[in-house]
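Reader: I have a new chain on screen. Where should I start reading?

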Amino acid sequence: MTPEDVRALRQEIADLDAKLAEYTKDDHSVEESADLLLELNLAKRDMGFLYDGLSTWLGSQMDGNQILSLRDMATVERKMSSSRSGWQHKDLTRDVIDRIEQSSVDMDTGEVVMTPAEMALRILDYVQPSYWRVGELNKIGLNPDNYCAGSESKISIIVRRGDAK
């Protein structure tokens, strides 16, 4: 496979898009259109297999949380993540509150520089209604994996198109 192969496929898709515009100008049976939609859905699935295959391979070739800069400000980034479940919410909340209290004291004067309400609102920097914000917890020195059951790390590849067309 080469970039030229993929560019040729993209051109074929553009040609099909033009044919679709013509197709929708005429009358067609619902069954015929549904069959056409099925074929497009299968093609989309097949493209997904190709994309996932190359993405998985590329992720195994890249190092750490590497970011590659490509043409037209596009980037490809490798990230590692894992699924977390079984959170110990009360224990983690107690520890986050302790850290917020510690950070609310001016180290030079010993003065508490946040009101209790401000401290309570700060917890939203670390948790959302349905999940804990892992990056923010790490910033205050709390390892989220100590408060939940984690799965094996998974490699994700994030493609940002930038101005690429």
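Predicted model: local features only at pLDDT ≥ 70, side-chain atom pairs only at ≥ 80, totals over all residues.

Reader: Which strands form a hairpin, and how many residues lie between them?

Author: β1 and β2 form the hairpin, with five residues between them. β1 covers residues 67-69 and β2 covers residues 75-81. The two run antiparallel, joined by three bridges.

Reader: What is the bridge partner of Ser-69 in β2?

Author: Thr-75 is the bridge partner of Ser-69.

Reader: Which residues in the loop between β1 and β2 deserve a look at phi?

Author: Take Asp-72 and Met-73. Asp-72 has a positive phi near 55°, and it is a residue other than glycine. Met-73 also has a positive phi, near 65°, and again the residue is not glycine. Both Asp-72 and Met-73 sit in the loop between β1 and β2.

Reader: Is Met-73 buried or exposed?

Author: The cut-off for exposed is over 50% relative accessible area, and for buried under 20%. Met-73 has 63% relative accessibility, so Met-73 counts as exposed. Asp-72 has a relative accessible area of 39%, so Asp-72 is partly exposed.

Reader: Back to β2. How many bridges does β2 form with β7, and in what sense do they pair?

Author: Seven bridges, in the antiparallel sense. β7 spans residues 154-160. Within this pairing, Val-76 stands opposite Val-159.

Reader: How should I think about side chains along a strand?

Author: In a regular strand the side chains alternate between the two faces of the sheet.

Reader: Now the whole chain. What pattern does the chain follow along the sequence?

Author: Count the elements, then read their order. The chain has five helices and seven strands. Their order is α-α-β-β-β-α-α-β-β-α-β-β.

Reader: Why is the chain described as more spread out than a compact globule?

Author: Compare the radius of gyration with the globule rule. The chain has a radius of gyration of 25 Å, whereas the rule gives 15 Å for 165 residues, so the chain is more spread out than a compact globule. The C-alpha trace spans about 75 × 40 × 30 Å along its principal axes.

Reader: What share of the residues is buried?

Author: Buried residues make up 15% of the 165. The chain exposes about 12,600 Å², with 56% of that supplied by carbon and sulfur atoms.

How values were computed: Residues numbered from 1 in each chain as written. Heavy atoms only, no water. Helix = DSSP H or I, 4+ residues; strand = E, 2+ residues; numbered from the N terminus. Rg over C-alpha atoms; globule rule 2.2 N^0.38 Å. Buried < 20%, exposed > 50% of the residue type's maximum accessible area, 1.4 Å probe, protein only. Areas by Shrake-Rupley, 256 points an atom, 1.4 Å probe, with all protein chains shown as cover. Pairing = 2+ DSSP bridges.
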